[in-house]
Amino acid sequence: MPEPQSPRPDDNGGAIAATGAGGAMDLATSEGGTLEQRQGEPDGGPDGGPGDGSEGRPGGESTGRPRSLRSDAWRDLRRNPVFVLSALVIVFLVIISIRPSLIAGGNPLSCDLARAQDGSRPGHPFGFNGQGCDVYTRTVHGARTSVVVGVLASLGVAVVGSVLGGLAGFFGGFWDAILSRITDIFFGIPVVLGGLVLLSVVTSSTVWPVIGFMVLLGWPQISRIARGSVITVKQNDFVQAARALGASSPRMMLRHILPNAIAPVIVVATIALGTFIALEATLSYLGVGLKPPTVSWGIDISDASPYIRNSPHMLLWPAGALAITVLAFIMLGDAVRDALDPKLR
């Protein structure tokens, strides 16, 4: 088959282009010039300049600049309604934790026994508890305790577990074996039973003993995840290349391994945050967690449980706030996991 030839000018200023059957076809001057321009500049844009890499993409999205996993994850999160809804709930909880007086101006410790177990009335939409305290005010102020305990416990677990698991996965050998056996021991301790034993001897009413207990029994899960992630990342070619070029162990850990192995830890820590909030409420309900005068959803649920038949409002409002908070953090963690896991794309 004869090859197509480039158009040649004719006597009238037009152009003649060869057809596939060996014939010729007359083109106008503008058409011939356009054909020559496209043949001479295959990568050019519509105005003759360099292309922007947006051809062939829906909506003209540019592909000239490569996107990172972080930017792709943020783009997916913004389009995920589950993430948006859970993030709005968490932002609201953080705001009322910092400034509960924005929506509840009363004192959560101000009680009037004459109003004990009363229902809703103007200015007190959630009614009163068994001591005559405003349930709405205590529910709002209880968010601060739950958020503080959940955030600090998650941060402590993430730091301790990441450091121990990362070092064990990077160096391996003897230290890896020792950490694995210690982790197995901690995994064998029931969380609630351990809380009953360890916190029953604590007389402090602050949140620090509860946070310390959660970090003590919560780091093994993060440690195992960090260890497995580091073992996977350190086998990649870029880590082996850095090692061959003489990079030190701290540099490889901080510059090459940590940024690529931290995503699973973030996901698990986010989901565990909701679990820690529920655990704090459970321990407070059992009487070994936070203690009065600290305002906590767990304490309010424990105080309201004997009156659930006659005054269910005392239990439903703090329990509902606890359920919404835990669900919001778990949904947020699931959305972050879906965005950061390349296998789910």
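Helices here are DSSP runs of H or I of at least four residues, and strands are runs of E of at least two, numbered from the N terminus. By that naming, α5 (173-187), α7 (208-233) and α10 (263-285) each supply at least two residues of the lining of the second largest pocket.

The model is predicted, so local features need pLDDT of at least 70 and side-chain atom pairs count only at pLDDT 80 or more, while totals for chains, interfaces and linings use all residues. Residues are numbered from 1 along each chain as its sequence is written, and side-chain values use heavy atoms, with hydrogens and water left out.

**Pocket and cavity**

Both kinds of space are found on a 1 Å grid over the protein atoms alone: a cavity is a set of points where a 1.4 Å probe fits but cannot get out, a pocket is an open set with protein on both sides within 12 Å along at least five of seven lines, and lining residues have an atom within 4 Å of a point. Grid points are joined across faces, edges and corners, and a volume is the space filled by probe spheres set on the points.

The second largest pocket has a volume of about 330 Å³. Its lining has 18 residues, of which Val 191, Leu 217, Gly 218, Gln 221 and Phe 276 are the closest to the centre. Helix α7 provides the largest share of this lining, 7 residues. For residue classes, Ala, Val, Leu, Ile, Met, Phe, Trp, Tyr, Cys and Pro count as nonpolar, Asp, Glu, Lys and Arg as charged, and the others, Gly among them, as polar. On that basis the lining of the second largest pocket has 15 nonpolar, 3 polar and no charged residues.

The search of the whole structure finds 1 cavity of 30 Å³ or more. The largest cavity has a volume of about 70 Å³. Its lining consists of Asn 129, Gly 130, Val 135, Arg 138, Asp 300, Asp 303, Ala 304, Met 314 and Pro 318. Two or more of these residues come from each of α4 (135-171), α11 (297-304) and α12, and α11 gives the most, with 3 residues. By class, the lining of the largest cavity divides into 4 nonpolar, 2 polar and 3 charged residues.

**Helix packing**

Two packed helices are described by the angle between their axes and the distance between the axes. Axes are lines fitted to C-alpha atoms, for helices over the stretch in contact, and angles run from 0 to 180 degrees between N-to-C directions. A crossing is left-handed if the near helix is turned anticlockwise from the far one by less than a right angle, and right-handed if clockwise.

| Helix pair | Angle | Axis distance |
|---|---|---|
| α3 and α12 | about 135° | 8 Å |
| α10 and α11 | roughly 40° | within 7 Å |
| α11 and α12 | about 145° | 9 Å |

Angles under 35 degrees count as roughly parallel, over 145 as roughly antiparallel, 65 to 115 as roughly perpendicular and the rest as oblique.

Helices α3 (residues 81-98) and α12 (residues 313-340) pack at about 135°, and they are therefore oblique to each other. Their crossing is left-handed. Contact means heavy atoms within 4.5 Å. On the α3 side the contact includes Val 82, Phe 83 and Ser 86, and on the α12 side it includes Ile 324, Thr 325 and Ala 328. The contact of α3 with α12 has 11 nonpolar, 2 polar and no charged residues.

The axes of α10 and α11 cross at roughly 40°, which makes α10 oblique to α11. This crossing is right-handed. Ala 281, Ser 284 and Tyr 285 of α10 meet Gly 298, Ile 299, Ile 301 and Ser 302 of α11. These residues divide into 4 nonpolar, 3 polar and no charged.

The crossing of α11 and α12 is left-handed. The contact of α11 with α12 has 9 nonpolar, 1 polar and 2 charged residues.

**Backbone features in loops**

A cis peptide bond joins Pro 292 and Pro 293, with omega about 10°. Pro 293 lies in the loop between α10 and α11. Gln 117 is not a glycine, yet has a positive phi of about 65°; Gln 117 is in the loop between α3 and α4.
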